[in-house]
Amino acid sequence: MERKLKNFLEECYNAVLEGDKQKAEKLATEAVKSGYDSYLVIEKGLVQGIKKLGEKWEQGSCFLPELVLGAEAVKAGISILQEPILKSKAGRKNLPRVIIGTIEGDIHDIGKTLVATMLSANGFEVIDLGVDVKSDNFVKMAKKYEPRFLCLSSLLTTTMQNEIRVIEGLKKANLRKKLKVMVGGAPASLSWAKEIGADLYAENAISAVKVAQREIGHESKRK
Amino acid sequence: MSPKESKKSILDLSRRRALLFDGAMGTMLFSYGLPFGTPPELWNLSHPEIVLKIHKKYIQAGADVIQTNTFGASSLKLKKSGIEKKMDKINKTAVKIARKACPDGKYVAGNIGPTGEFLEPVGKVKYKDLKKAFSGQAEILRSAGIDLFSVETMYDLREALAAIEGVREVSSLPLFICMTFEKKSKGYFTLMGDEVSSSLKKLKQAGADVVGANCTLGSKEMIKLASVMKKSTKLPIIVQPNAGMPKLVKGKTVYLQKPASFANDVLKMLKLGVSFAGGCCGTTPEFIKMIKKSLTGLEYKPSGL
């Protein structure tokens, strides 16, 4: 890789580490003008920064503010870099789509929004349905947008039972096999996911990204 | 008891013996059938007899301080459930219920929790909005007749400081404040990355009378944190741990720790120089009773002496 590009990617990486949204936007605009490969700038620049922050977060050497601001910087950069990609149909098809929401009866949004932000910062197209999402609405939106992943978030133990209703709704609508259901939130666990017939479980926002990426890897291998 | 007397008495009293706060309110309300998703504060209006019963149980168990059922009753938090118009009534009624359960010589703490909003730039709210929400709730609690303030579960130092400033705008009553810390490889930090020692220092500067920690950690994990806090401040310290770490059993969160082992851990923290102890998530009157029992006959060396 030529030195100039390498330096440029490092600048993108640093903008994310510093949580500097304006800098990320400026660099993204510059990249589009200079004709750099948008995917390269996203993957080798911005996303590397958020990956690093994720690692630091897992180690306990950075905290929620750095993670959120870093993710915001990535998102801002990606939205500019995506413009040329999205103009082509092929590009649009390449972005794995996720629908996410907090389950009916539960208004906790911090964790859910963080997962949505991290997924979107890592190149997923995220449709965030918000909190207290009715089971029917999850099914309706899944039908309309045909996502690869449906992410259900819960913090309350009794309302998390509503996740079962979403899965039943998906079966009735013949959508169950067309997408992967991922559950998360403080009381969720791998055994909970198995108990209700969900496909995937993620412990936190970083793991949600890893789990989704791993799943995409598996799918593309099978194909 | 006039506010001035109570300020003197609870802080003075704590120099002579350890004082007990109550245990969880939410855990108890759920056991009485509060549906998940319903704001617990609404039960002050719809089920006052149950809230009263819980307060009385904690008093009978030996708590010196009971906390009003107003953890989520700031305007910003109530707004999330669309019931902010009931703020005045919810807080007033909560104090009335607690007062009814509180005999002479015991204390009613006006309980205040986080707003659930993040400050800029992570979130959208401004410092002055938080301060306003806290002072609004504090004023209702104060005028309804509490003895002290108990601000809890603060995961952002800046929000905690806004709470102290908000309370101090309307009252000089004793102010207890608990942050909630997670254990990380490099020590104890809040969700926002605030570290223990500097947090406690800033809380003191802002006007807190008692500082400490609640929630997130179980009693065993909180012992180490208590010693870190003790080294960090000369203010009296309060701890309100959870009943161990939550486990998920058949889709329900349960706290498996037994009252005796909880009380044993609390006793260790009191011996380290902690002045006030109570319980957070998963604790019941049984836990407070057990601490009270284990304190009997204990020669207590209060903090700072």
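1. Domain bounds here come from an automatic or database domain assignment, and on that basis chain A is divided into domain 1 (3–92) and domain 2 (95–222). This is a predicted model, in which local features need pLDDT of at least 70 and side-chain atom pairs count only at pLDDT 80 or more, whereas totals for chains, interfaces and linings use all residues. Residues are numbered from 1 along each chain as its sequence is written, while chains are lettered from A and ligands numbered from 1 in the order in which they are written.

2. On confidence, pLDDT being the predictor's confidence in each residue, from 0 to 100, chain A has a mean of 88, with 93% of its residues at 70 or more.

3. The C-alpha centres of domain 1 and domain 2 of chain A lie 25 Å apart. Their contact (C-beta atoms, placed from the backbone, within 7 Å) takes eleven residues from domain 1 of chain A and nine residues from domain 2 of chain A. On the side of domain 1 of chain A that touches domain 2 of chain A, α3 (38–59) and α4 of chain A each supply at least two residues, and the largest share, six residues, comes from α3(A).

4. Between the chains, the contact takes 21 residues from chain A and 17 residues from chain B. The elements giving two or more residues to the side of chain A that touches chain B are α4 (64–87) and α9 (190–196) of chain A, and α4(A) gives the most to that side, with four residues.

5. Chain B has twelve helices and twelve strands. Its radius of gyration, taken over C-alpha atoms, is 18 Å, close to the 19 Å that the globule rule gives for 305 residues, so chain B is as compact as a globular protein of that length; the rule is 2.2 Å times the number of residues to the power 0.38. Along its principal axes the C-alpha trace of chain B spans about 50 × 50 × 40 Å.

6. Buried residues (20 or more other C-beta atoms within 10 Å of their own, with C-beta atoms placed from the backbone) make up 53% of the 305 residues in chain B. In helix α12 (residues 285–295) of chain B, the buried residues include B:F287, B:I288 and B:M290, and what covers the buried residues of α12(B) includes α4 (48–61) and α11 (259–271) of chain B.

Conventions. Contact = placed C-beta atoms within 7 Å. Buried ≥ 20, exposed ≤ 12 C-beta atoms within 10 Å, placed from the backbone.
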